[in-house]
Amino acid sequence: MKEKFRRFMNEDNVVGHVFALPFIIGFFLITLIPMALSLYYSFTDYRLGNPISWIGFDNYTKLFADDRFMNAIKVTFIYVLTSVPLKLVFGLFVAYLLTRNIKGTTFFRSLYYVPSLIGGSISVALVWKEIFSKTGLINVLLSKLGGEPLSWYGDQKLVMIPLVLMSVWQFGSAMIIFAAGIKEIPKSYYEAAEMDGANKLQSFFHITLPMLSPIILYNLIMQTISAFMTFTQAYIITNGGPNDATNFYALYVYNQAFKFNSMGYASAISWVMLIIMGIVTLLIFKSSKSWVAVK
Amino acid sequence: MKNKKKLALVSMITATALSILSGCGSSGSNGGNEGSEANNSDQVHLKMAWWGSQARHDATVKVIELYEDQNPNVDIEYEFYDYDGYYTKLGTLAASESIWDIVQLDNQFPQYINQLEPLDEFVDNKIIDVSNTNEKYLSTTTYDNKLVGISNGVNSFALAYNKTLLDEAGIEEPTDDWTYEEFEKMNAEIKNKLDIYGVSRMDDFIHGAIMYVPQTEKGLNFYDKSNLSTTLGFDDPNILAPYFEMRKNMVDNGSYPELGGIDTNTDSAFQAIRDRKAAMVFIASNQLVELMKGMPEDQEIKLINPPRITKDGEAGIPLRSSQMLSISKNSKNKEEAAKFINFFQNDEEANKILAGERGVPIMENIREMLIKEGNPATLATFEYLEKVSELDNGEINVFDSSLNPEIQAQYNLIKEKVILGELTPNEGAQSIFDFATDILK
């Protein structure tokens, strides 16, 4: 019996599953089951601490009459459409510089990666809040240069700028991936281009970019998804204001769920978000056929 | 080789199992407590939580330790949070019906009413002694004819103003019967003479809705008092418009911080008073103690009741429970929890430590003791509350609707739209009236 168990445990299949077990358990407990529950809640009027009753599609129909929800979609899209391209361009630019033969590139690469390490953390958001505050660094510089200090967090037209800049500043992870991609491009291509008389700019646009396109696609999708989920900055810095100008999707879900206790409604919003993100990702994939070079 | 593999496998499984077990343990440590109770029948574990400032945390922890010293069989496990964090945590605990044995609640409590054990029974069998207080104070925590908690202290709304600043500018001090008109004028004057803000922060929902509606007419309330705040207590949306208009004017003439001007949290608003960047701030009266911390000594701060609509109109301010201690319906040790609450409310030594920071204590002997101690900020609050108890007409609703957080958030959003000129004050008033009516259905 013992021997049998021993042999059973040592079978390749069993060992594999046992090693995967921690992940499988975690996946079920903190991903799959909560997701299934939230799908169920989205069809109920569940409020935290209260009894649950089934209300069908009411939450979903309510969504489309909810101005704050529509506004949340709008501002989230503005944020994604501005922050993602800027971040990618900036990341690519720095990666390009850092893959050239300059002394100490590894040092600089680590240095530029630091902002991404501290990620979407609360401390960074607080620092950012101070920098752009009424009497913060940016306004001091502005008035030194003879400009008027601006109310960055009070003006709904300006408020997106500090948030987007903060996201662009954290270009590190995109940069590292770009840098790895650039290094993969064979030197001989550039040498051949040089022989044919191409300048640096031409070889960047005609060799680097096309060769890098699969990596651009990867970065684009990852950054788009994470931008859709932006929460900390809006929560800490602006709390959605002024006038809901930075009331991002994730923040609105959080407020509905934990401030207003409307768990059912919040679940419905999350599922719509999942669908929207799915469609956007799909569109990016579809479009990639026309611009991603297949090796 | 094979043995090593097996050893690794076994330790992996054990580690996984342990981490899963410990994970469950920490999320439901109530379960753990039950076990130890069975082993040692006279050991009692209680869980308690509260929100508040650092001063409150330190004092409350000291009181808990004092109680544990006197009752070695009781072990109180405590947690403390800031206000928002507290309610977020409470919401999730309420969802799993496992809120702390002793909970601190303010007028948001109707949301959690299903989770609370009425205290009437403990008062009847004298576990909680209320002989030193009266009906008026107990009514601040009586909901649907049940005593849902014992108030830690009563407070009311007030404006704190810097008398020194007003004197310097030659501006007359406000009087008890001042009106919004005078208030607005005074703010403009402060702005013109001193080039600082008049007010650093007003709690607009409380001021413009909860207080303004009863000020309009005796008996009216933002939430209907007669049906436990399940509907609005007034019919005419235009009641809300004048406040919006005043707020817009104040931002336009620079006497109130523009959006993004001063952070809207109380810390920043209080700091603006200490830094003399504003002359007044809207507070709950027990916050005076906090406001005075770090206040330059040469500045004299006084409390005044908020302005009213006409000189002989309603004051609109009630005496209310700033916060109360309640017991969880699912607590295993309700009686022990009640004993602790009794200690917290009635013990003189404990209240010397707490020093009235949660509001004016409802027990007369404790009040007298604190008056003898004579902390100036506490005395000023007591004095102010004396005045409020005369102004309180007894018909003001001190409880919020269970949907209040959502309505309040919408109110503040609409206020911003009015200030930005996207809505007129009347449109804004109509809009919040419709919103609230709709979700309260």
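Predicted model: local features only at pLDDT ≥ 70, side-chain atom pairs only at ≥ 80, totals over all residues.

Residues are numbered from 1 along each chain as its sequence is written, while chains are lettered from A and ligands numbered from 1 in the order in which they are written.

**Exercise 1.** Determine how many helices and strands chain A has, and how spread out chain A is.

Solution. Step one: chain A holds 14 helices and zero strands, where helices (H or I, at least four residues) and strands (E, at least two) are DSSP runs numbered from the N terminus. Step two: the C-alpha trace of chain A spans about 75 × 75 × 35 Å along its principal axes. Step three: the radius of gyration, taken over C-alpha atoms, is 24 Å for chain A, well over the 19 Å that the globule rule gives for 295 residues, so chain A is more spread out than a compact globule. That rule is 2.2 Å times the number of residues to the power 0.38.

**Exercise 2.** Describe how helix 4 of chain A packs against helix 8 of chain A.

Solution. Step one: the axes of helix 4 (residues 67–98) and helix 8 (residues 160–169) of chain A come within 9 Å and cross at roughly 35°; axes are lines fitted to C-alpha atoms over the stretch in contact, with angles from 0 to 180 degrees between N-to-C directions. Step two: residues in contact have C-beta atoms, placed from the backbone, within 7 Å. Helix 4 of chain A contributes residues including I78(A), L86(A) and F90(A), and helix 8 of chain A residues including L163(A) and V168(A). Step three: the residues of this contact divide into eight nonpolar, three polar and one charged. Nonpolar here covers Ala, Val, Leu, Ile, Met, Phe, Trp, Tyr, Cys and Pro; charged covers Asp, Glu, Lys and Arg; the others, Gly among them, are polar.

**Exercise 3.** Identify which element of chain B gives the most to the side that touches chain A, and classify the residues of that side.

Solution. Step one: 24 residues of chain B are in contact with 21 residues of chain A. Step two: the elements of chain B that give two or more residues to this side are helix 1 (2–27), helix 4 (83–95) and helix 17 (404–419). Step three: helix 17 of chain B gives the most, with six residues. Step four: by class, this side of chain B has eleven nonpolar, nine polar and four charged residues.

Terms used: Contact = placed C-beta atoms within 7 Å.
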